[in-house]
Amino acid sequence: MRTNIHDIASRKNQLPMLKLFDSSLRLCVVPLSVATIWVTVTNQQDNSIYGILKYSNILGLKYMVFVSALCAVYALVAAACSWVRYIVSKPWIFFVSDQILAYLMITSVSASMEIYSLAYNGAKNVSWSEACSSYGRFCSKVKLALILHIFTFCCFLILAVISASRVFSVYHPPSVISIEMEQERC
């Protein structure tokens, strides 16, 4: 009985620190996302031989900007809502939305990394030459935006783990007796 009371008291002491860490991480996402958007949207380079290259010419970079904007807005709203008692009592809301954003982030990071890889290395087997020798500054900014986007993804990965632990900490693991009974049935 004493350990249950101690566990409850310990869990209550950890909740404000976890809530503060969660909110801080959500607020860190905002400047990272805004910086990703800014670096990507302002990225363009003119080449006298091949012409001008803008982020808007590449669908994967437009997708990265869209996901970054979505992440920034969601992070602001979620940080504010994480202090509202009614919403905090519904951990599934954060769990589902954090999972969705984490998956969107991974698709966006993957698409952007593929674009960067093609621009840097090319694809000789399909006669796609590398572009970074002609558009070096553009490639450098794409690399910077990709690094910022990966940091944002790491924040969402941690947030997804935190929200999952909140949801699933409500449930208790199966007791040893029920496991033994299950094994006897088989």
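The legends below describe close-up views of a predicted model. Residues are numbered from 1 along each chain as its sequence is written, and side-chain values use heavy atoms, without hydrogens and water. Local features need pLDDT of at least 70 and side-chain atom pairs count only at pLDDT 80 or more, while totals for chains, interfaces and linings use all residues.

**View 1. Confidence along the protein chain.** The mean pLDDT (the predictor's confidence in each residue, from 0 to 100) is 83, and 81% of residues reach 70 or more.

**View 2. The crossing of α2 and α5.** The axes of α2 and α5 (residues 136-168) come within 11 Å and cross at roughly 35°; axes are lines fitted to C-alpha atoms over the stretch in contact, with angles from 0 to 180 degrees between N-to-C directions. The crossing is left-handed, meaning that the near helix is turned anticlockwise from the far one by less than a right angle. From α2, L61, M64, V67, S68, C71 and Y74 take part, and from α5, F138, V142, A145, H149 and F156. Nine of these residues are nonpolar, two are polar and none is charged; Ala, Val, Leu, Ile, Met, Phe, Trp, Tyr, Cys and Pro count as nonpolar, Asp, Glu, Lys and Arg as charged, and the others, Gly among them, as polar.

Terms used
Helix = DSSP H or I, 4+ residues; strand = E, 2+ residues; numbered from the N terminus. Contact = heavy atoms within 4.5 Å.
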